[in-house]
Amino acid sequence: MSKVAFAIAIMAVVTYLTRVLPLILFKEKIKSNFIKSFLHYIPYTVLAAMTFPQILFSTPSIYSGVAGLIIALLLAFFEMGLVTVATGAVITVLLVQYII
Amino acid sequence: MNYDVGQYKRGLRRGLPIGLGYITVSIAFGIMAVSGGISVWNTVIISMTNLTSAGQFAGAGLIISAAPLYEIAIATLVINIRYLLMSFSVLQKLKMPMPIWKRLIFGFGITDETFTLAVLEKEELTFSFMMGLITLPYIGWTLGTVIGAMLTNMLPLSVQKCLAIALFAMFIALIVPAVKRSKEVAFVVVVAVISSVILKFLPISSGFSIIICAVFAAGLGAKMFPKEVEE
């Protein structure tokens, strides 16, 4: 089994377990406000930590990275949806790469 | 033990908009994974076995950056830990008794979106309904990934290199609207960004940096703003 296949298997098992463990184990409701709040915040903090600062270095040059980031922030601010934001950022990067 | 066709069909109808929405997001996933160097085949397998957006994007990103397996495991766990809470909420609404093996089957299809629709149901949740609900999202997610993965292979390499930003742009599209609506989310996001930028200068692998920053920021937020969270 290649390393990639192994990584995929690990991802699948971990994801599956987070979904089904509560369905077969838990009996009582989670009462702690701290844990509930933590679980509420964690998806956003994970995404934020994954995006910054890596987005700036995700393209062939930092200039197109910065331009793509700005456009993505603008489109997201006006709540244009996932696909529009992604497409807008990619087109921006392509244009900047073409110009420089 | 019997299978309720009416319930299954009702679930299918509820799941249709989710399935359509998933096609576009998973096209993006297919493009991102293949342009990063993961094979078309592996990319589709990721979608078919994971069925989750943020977790897959992160996992694929770590595979591309050749992160060690334990980092991939921990990152996947941290990102998907919210499913614990969602499954838990779904459990409260299940029509009991339901045998464990049925829960083990439909549980695979719990996502942010199917969870939301499931808990909004007025009736108790049956196995047939849950299976109907997850069918089209699963098909849409797989189909979109196939389309995205195959599209990417047809693009020239210079264009592929410009696609990597699509993933991050989508993350931004997920974060920014939530930041606008909640001061608390804005706070934790800013903390995560600042700590992530700082850790960039330290000799820590990117997988661990993400975990440390995310747990720190969410923990700080939960400590400072332990508000009652709607589920």
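Which two domains is chain B divided into?

## Domains of chain B

This is a predicted model. Chain B splits into domain 1, residues 5-160, and domain 2, residues 182-224.

Which two domains is chain B divided into?

## Domains of chain B

This is a predicted model. Chain B splits into domain 1, residues 5-160, and domain 2, residues 182-224.

Eight residues of domain 1 of chain B are in contact with eight of domain 2 of chain B. On the domain 1 side, helix H4 (residues 69-80) of chain B gives the largest share, with five residues. That side has six nonpolar residues, one polar and one charged.

## Where the chains meet

Now for the contact between chains: chain B puts in 77 residues and chain A puts in 61. On chain B's side, helix H10 (residues 165-181) of chain B brings the largest share, 13 residues. By type, the chain B side holds 56 nonpolar, 14 polar and seven charged residues.

Most residues other than glycine have a negative phi, and most peptide bonds are trans. Here are some exceptions. The bond from Phe52(A) to Pro53(A) is cis, with omega near -5 degrees, and Pro53(A) is in the loop between helices H2 (33-51) and H3 (62-77) of chain A. In chain B, Met96(B) and Pro97(B) are joined by a cis peptide bond with omega about 0 degrees; Pro97(B) is in the loop between helices H5 (82-93) and H6 (100-106) of chain B.

Glu79(A), not a glycine, has a positive phi of about 55 degrees. Why does Glu79(A) count as exposed? Because it has 12 other C-beta atoms within 10 Å. Leu51(B) also has a positive phi, near 50 degrees, but Leu51(B) counts as buried, with 25 C-beta neighbours inside 10 Å.

Terms used:
Residues numbered from 1 in each chain as written. Chains lettered and ligands numbered in written order. Predicted model: local features only at pLDDT ≥ 70, side-chain atom pairs only at ≥ 80, totals over all residues. Contact = placed C-beta atoms within 7 Å. Helix = DSSP H or I, 4+ residues; strand = E, 2+ residues; numbered from the N terminus. Nonpolar A, V, L, I, M, F, W, Y, C, P; charged D, E, K, R; others polar. Domains from an automatic or database assignment. Buried ≥ 20, exposed ≤ 12 C-beta atoms within 10 Å, placed from the backbone.
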